[in-house]
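Let's take a look at how side chains meet in a protein. Have the sequence and the 3D view open as you read.

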Amino acid sequence: MPFVYAFLGFAALIILHEAGHFVAAKAVGMRVERFSLFFGPMLLKKKWGETEYGIAAIPLGGYVKITGMNPREELAEEDELKQLHARLNEVREELETNAQDAARDEVLRTEHDALNARIRNVQSELDAIRRRAYYNQKVWKRIVVILAGPAVNLLIAFLILWGLFLANGEAVPTKRVFSVRTGTPAARVLKPGDRIVSVDGVTGPTSAIQDEIRSHRCVSAQTDGCLAGTPVRVVVRRGGHMLTFALRPRYVAKDGNMELGFGFDTGQKPVSAGRAASLTVTGLWTVTKSTVSVVARIFEPQQRKQLHGVVGGYTVTEQSFSQSPTLAFQVLALISLSLAVINLFPFLPLDGGHVFWALAEKVRGKRIPFEVMERAGVVGFALILIIFVIGLSNDISTLTGSGFNVR
């Protein structure tokens, strides 16, 4: 079942992204030709109004086709118009060479008039379609339609995390020891479950206790692994007994802090709707900065190792569903946020690329040549391909190694 849940979750995120584009396009008056669940050949389809709705064969997301995303695309009405004009020319030629046959002449003239009427109707339909085509819309309408997809993913991420905060509360550190790292000063004496009563007489919150530990200094320069010149007096409650230990903190260069080597346990504190919203926004902003940083520094080896693709995201989602619903929804929220952020990078064919060129057109005051956008799209596609290959290779390395850690 985790496999099914992960698949449905992934598919829903992509489908809702496309639904955002669909609804916005309809709202601003653009012509939407097709909205499809999944990709590939249509298995089921039904046309309501001008839009064809369907279910395709390849169960990977979905797509929406808006008329005029490519200014060079040929519309069905244009093809019909060419055929009508071709037939009209044939009829005219035959009328000129068949003047002696009155009966045939009458048939041809009737067809001639019918063709002219049909051409006028199709031309009128085509003009109306072109006016509603994406590339003929005002810049603000195009931006609204393009941003609607990422906006839906962002909204999904917010609602999921906000709901989880309301349901589960805020994680707050307690004074109970959760873990003790081996080879550290704390490993000799502290045990998981110990309750920290005070450190050097400080009995305040965990942040105050951590600040007190970090205030100690090595005898000489702060170098990795050096011990504090003076010990920390730690009082703990264990099994109903008060115990006192003198421990010398050790400097950990990668963290930039003096540490004893233990971590506090956390508890859950109920929160209001406003506090839940604040925590959600803070969390989403932190993840957004991290995502942008990783992609922006993709050519740095250490940052490149942090990039994962669809396979990794799907695997983590599947694992999280097998552990707990809360963790699964957290992962889905982060993936939804990542879809929004990545899609906003300013190069084609991503949504951010369409926004960039729409704004460029606004600043320039006239349409950007499509040839320029095509060349930019080639570069953008190459960048996306690089990111995909790096993410996939990292996924494969992780899957063939120790696997993904979703904790």
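What follows is a short tour of ring pairs and charged pairs in this predicted model.

## Rings that meet

The model has six aromatic pairs. One of them is edge-to-face: the ring centres of F22 and Y53 are 5.9 Å apart, and the planes sit at 75 degrees, which is over the 60 needed for that label. F22 belongs to helix α1 and Y53 to strand β2, so this pair ties together parts that are 31 residues apart in sequence. F22 is buried, at 14% relative accessible area, while Y53 is partly exposed, at 25%.

Now try F345 and F347: their ring centres are 6.3 Å apart with planes at 45 degrees, so this pair counts as tilted. Both of these residues are buried. Back at F22, there's a cluster to find: F22, F35, W48 and Y53 form one aromatic group.

## Charges that pair up

Side chains of opposite charge can pair when their charged atoms come close. Here, the count of salt bridges is 16. In one of them, R130 meets E78, with the closest N and O atoms 2.6 Å apart. R130 is in helix α3 and E78 in helix α2, so the bridge ties together parts 52 residues apart in sequence. R130 is partly exposed, at 30%, whereas E78 is buried, at 18%.

## R87 and its partners

Which residues does R87 bridge to? One is E90, at 3.0 Å from N to O; the two are three residues apart in helix α2, about one helical turn. Another is E111, at 2.7 Å, which lies in helix α3, 24 residues from R87.

Technical notes:
Residues are numbered from 1 along each chain as its sequence is written. This is a predicted model: local features need pLDDT of at least 70, side-chain atom pairs count only at pLDDT 80 or more; totals for chains, interfaces and linings use all residues. Side-chain values use heavy atoms; hydrogens and water are left out. Rings of Phe, Tyr and Trp (its six-membered ring) pair if their centres lie within 6.5 Å; planes under 30 degrees apart count as stacked, over 60 as edge-to-face and the rest as tilted. Helices (H or I, at least four residues) and strands (E, at least two) are DSSP runs, numbered from the N terminus. Buried means under 20% relative accessible area, exposed over 50%, partly exposed in between (1.4 Å probe, protein chains only). A salt bridge is a side-chain nitrogen of Lys or Arg within 4 Å of a carboxyl oxygen of Asp or Glu.
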